[in-house]
Structure formats: structure tokens, C-alpha cells
Amino acid sequence: MQDPPDPRLLKNRSRLGHKLRYALAHPRRVGPHLRRAARNARLRLRHRGDHVAFYRAVMASDTARSPEAAVGGVPSHARWLAIGRMQYDYLVAHGLRPGDRMLEIGCGNLRAGWRFIDHLEPGHYYGIDISPDILVEAKKTVVRYGLQDKLPYLTPVDDLTLDFLPDAWFTVVHAHSVFSHSPLEVVAECMANVGRVLAPGGFFDFTFDRTEGHEHQVLGEDFYYRTETLVRLAAKHGLAAHFMDDWERLPHGQSKLRLTHHPVVSH
Ligand SMILES: C[S@@+](CC[C@H](N)C(=O)[O-])C[C@H]1O[C@@H](n2cnc3c(N)ncnc32)[C@H](O)[C@@H]1O
């Protein structure tokens with residue numbers, strides 16, 4: 001018999017009942033949440049129907065306040081370092097080699113990216129992001145860690161068609177906390193195009209906010225998906241999905257899938 005799902009995976013954060021219970025349990029978070037809701041409502045009105053433009057504006061506003069909080073939710077350098085390290089250690093333990101050619105989608109200010117750049121051969125790291133503001137911060141991270149000789153590429157994008165990148169080039173594609181901020185049409189666009197740039201034998205790892213209940217979103221910026229939705233979407237574009245069980249043990253809160261051209265064979 002299957003275990004019952006973890007109750008945390010059944011929460012629907014968009015429900016009024018959940019919000020009221022949360023507000024009672026965390027009264028000090030109510031003010032900041034309401035301010036964020038008002039700001040997001042303003043930005044959504046300005047960029048009606050265009051999620052990427054809306055989220056780019058969210059990133060501009062958050063980055064102006066704190067680049068580290070803009071990619072991590074909390075303004076803590078220790079947390080910025082720890083989450084970057086967690087991504088790096090996991091990916092190295094799960095196949096990242098210095099000779100890989102890596103594409104990081106939604107690279108932010110290189111919280112993990114600076115470690116990937118350091119690990120990879122020169123010219124082997126390619127970071128893309130919809131936010132020019134956070135990419136300026138990414139450039140500062142390259143300077144801070146003295147990684148100029150590694151010649152990382154950093155490029156702003158306005159969609160995930162990946163149309164400017166070559167066929168079958170990247171052996172590793174990575175997207176951490178990006179689909180957790182993406183509506184399904186953005187995720188679908190990525191899945192429709194990532195297979196083209198993925199080299200034979202390569203893999204695409206991404207995290208997502210998982211629900212075992214109703215799929216929902218909060219404030220237009222946090223999206224919760226069922227695993228099977230993403231697995232089905234990947235299959236539609238010829239990609240096999242593998243749920244990364246051991247990622248669940250890490251103190252992160254999101255889940256991780258690995259997509260490949262062919263099913264991963266476990267020994
Ligand atoms: C929570 S941050 C995480 C950044 C980085 N992956 C990390 O772990 O530090 C999400 C990043 O994804 C970027 N992003 C969101 N939607 C995107 C999209 N559709 N295409 C490319 N980047 C996107 C945001 O601008 C932001 O820099």
C-alpha cells in the first residue's frame with residue numbers, strides 16, 4: 001500500500017482559510033505579505049497577460065532592495081551561500097563534470113552559478129535570465145569570485161524558446177527555483193525547446209513547488225504543480241522524467257525532476 005501524502009503537500013495556499021490560519025500563526029508576516037500583494041497587483045495590471053514582463057518587474061523591484069533576497073526570499077548571505085552550495089554539491093554528486101557544457105536557466109545572481117563556473121572548463125557555463133537587473137548582479141558575482149578567466153556567458157532573454165542556442169550542445173541544463181515562479185505556458189515553452197539544445201546523453205534538472213492536491217498559484221508569482229503534470233508535459237515533447245528522490249531529504253522544500261532524451265537506467 002502507498003504511504004498517505006505528506007500533509008504539507010496537500011495545502012492550498014491560495015485558499016482564504018489557509019491564509020487566515022497562516023496570518024494567525026505568523027502575525028508579523030501579514031504586513032509584508034499585504035504590501036507584496038499590493039505591489040504585485042499594480043505590476044500585474046501594468047503587464048496584463050504578459051507573465052514574463054510582470055515577473056521581470058517583480059525582479060527589478062526585489063533586486064533594488066536586495067539581490068540576495070531577490071533570488072532566495074530572505075536577505076541572508078549565509079542562506080545565499082548555503083542554497084548555492086546545496087545545488088552545487090548535489091549536481092556534482094549527480095554527474096556534473098568539468099568538461100560538461102552547462103546551460104543554467106534563470107541563473108539569477110549566480111548563487112550556485114559561481115560554483116558551477118569555477119568547476120567547469122573556461123567557456124563551458126551559459127547563464128540566461130529574464131531579468132537584466134539580476135544579470136548585472138551576476139556580473140558582480142563573477143568579479144567578486146575572480147572568475148574572469150572562466151569566461152562565463154550571461155544573456156538576458158525574453159522567452160524560453162532558446163532559439164539563439166545551438167542544437168544538441170548542452171550536456172547539463174539546470175533550472176533551480178524557476179518553474180516555481182512560472183505559469184504552465186512558460187514551463188511548456190521550455191519543455192518544447194530544451195530537447196533541441198540538449199546533447200545526446202545530457203540531462204535537464206529542475207526544481208518545482210510540488211502539490212499532491214490542487215494545482216494553484218499565489219500572488220501570480222508562486223506556482224504549485226503536481227508531479228504528473230510536469231512528467232506528462234515532458235513526455236509530450238519526447239523527454240523522459242526521473243523523480244530525484246534523494247533531493248527530498250535536503251532542507252529545501254521543492255522537488256526535483258531530471259529530464260533526458262531516454263529513460264534513466266538505474267543500476
Ligand atoms: C528564485 S530565483 C533563483 C535564481 C537561481 N536559479 C538561484 O538558484 O539562485 C529565479 C530566477 O529565475 C529567473 N526567471 C524567472 N522566470 C524565468 C524565465 N521564464 N526565463 C528565464 N529566467 C527566469 C528570475 O529572474 C530569477 O533570477
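1. In this predicted model, the side chain of glutamine 87 places an N or O atom 2.9 Å from an oxygen atom of the ligand. On its own the ligand has 590 Å² of accessible area, of which the protein covers 99%.

2. The ligand is surrounded by 19 residues, and Arg111 and Asp129 are listed among the closest. This shell comprises 9 nonpolar, 7 polar and 3 charged residues.

3. An unreviewed UniProt entry annotates residues 103-204 as "domain: Methyltransferase type". Over that range the chain is 33% helix and 25% strand, with the end C-alpha atoms 9 Å apart.

4. The whole structure contains 10 aromatic pairs. Tyrosine 126 and tyrosine 153 form a stacked pair, because their ring centres are 4.9 Å apart and their planes meet at 10°, under the 30 degrees required for stacking. The two residues are 27 apart in the chain, tyrosine 126 in strand β2 (residues 125-129) and tyrosine 153 in strand β3 (residues 153-156). Tyrosine 126 is buried at 16% relative accessibility, whereas tyrosine 153 is partly exposed at 43%.

5. The rings of phenylalanine 204 and phenylalanine 206 have centres 5.3 Å apart and planes at 45°, so this pair is tilted. Both phenylalanine 204 and phenylalanine 206 are buried.

6. Ring pairs also join Tyr126 and Tyr153 with Phe164 and Phe170 in a cluster.

Methods: Residues numbered from 1 in each chain as written. Predicted model: local features only at pLDDT ≥ 70, side-chain atom pairs only at ≥ 80, totals over all residues. Heavy atoms only, no water. UniProt positions renumbered as here; feature names shortened; annotations may be inferred. Helix = DSSP H or I, 4+ residues; strand = E, 2+ residues; numbered from the N terminus. Near = heavy atom within 4 Å. Polar contact = N/O pair within 3.5 Å; in protein donor to acceptor, adjacent residues only side chain to side chain. Areas by Shrake-Rupley, 256 points an atom, 1.4 Å probe, with all protein chains shown as cover. Nonpolar A, V, L, I, M, F, W, Y, C, P; charged D, E, K, R; others polar. Phe/Tyr/Trp six-rings, centres within 6.5 Å; stacked < 30°, edge-to-face > 60°. Buried < 20%, exposed > 50% of the residue type's maximum accessible area, 1.4 Å probe, protein only.
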